[in-house]
Amino acid sequence: MISSKSIVHLTRTLLRDTRARRTLMFYIALAAVLMVFIGSVLLVAPLRAHPLLFIGYWAVCAWFTVAAMLLAVFDLLVVRSAGRAARRALERDTHPPDDDSHAG
């Protein structure tokens, strides 16, 4: 059985690693799109016949969609934060602070 400690470690790894986070976003969004297609085209009759199955199926699809959107917003915030940090570092490197102690 998977422990909560290993789940937390896996989550931290996925959130900190940009490539892994974006790969996860891609596959979650792909799963949501495939679920929409399959649910709208192939599973129309079975889903309409069973209301609880219908609600469960579309709830999972909505969960995938929301998860992909939240990961995208998180990625956007991380990219903006890294850009701000890089801009500050560049400004610090190109414009050293004025040292008034040498002024006469």
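Analyst: Arg21 has its place in helix α2, residues 18-42; helices are DSSP runs of H or I with at least four residues, numbered from the N terminus. This is a predicted model, where local features need pLDDT of at least 70, side-chain atom pairs count only at pLDDT 80 or more, and totals for chains, interfaces and linings use all residues. Residues are numbered from 1 along each chain as its sequence is written, and side-chain values use heavy atoms, with hydrogens and water left out.

User: Is Arg21 buried or exposed?

Analyst: Buried means under 20% relative accessible area, exposed over 50%, and partly exposed in between (1.4 Å probe, protein chains only). With a relative accessible area of 1%, Arg21 is buried.

User: Which residue does the side chain of Arg21 meet in a salt bridge?

Analyst: A salt bridge here is a side-chain nitrogen of Lys or Arg within 4 Å of a carboxyl oxygen of Asp or Glu. For Arg21 the N to O distance is 2.8 Å, and the partner is Asp75. The pair links distant parts of the chain, 54 residues apart: Arg21 in helix α2 and, in helix α4 (residues 51-94), Asp75.

User: Which residues do salt bridges that share partners join into one network?

Analyst: The whole structure holds 2 salt bridges. The side chains of Arg22 and Asp75 meet in a salt bridge at 3.0 Å, N to O. Arg22 lies in helix α2 and Asp75 in helix α4, so this pair ties together parts 53 residues apart in sequence. Through shared partners, the network joins Arg21, Arg22 and Asp75.

Terms used:
Helix = DSSP H or I, 4+ residues; strand = E, 2+ residues; numbered from the N terminus.
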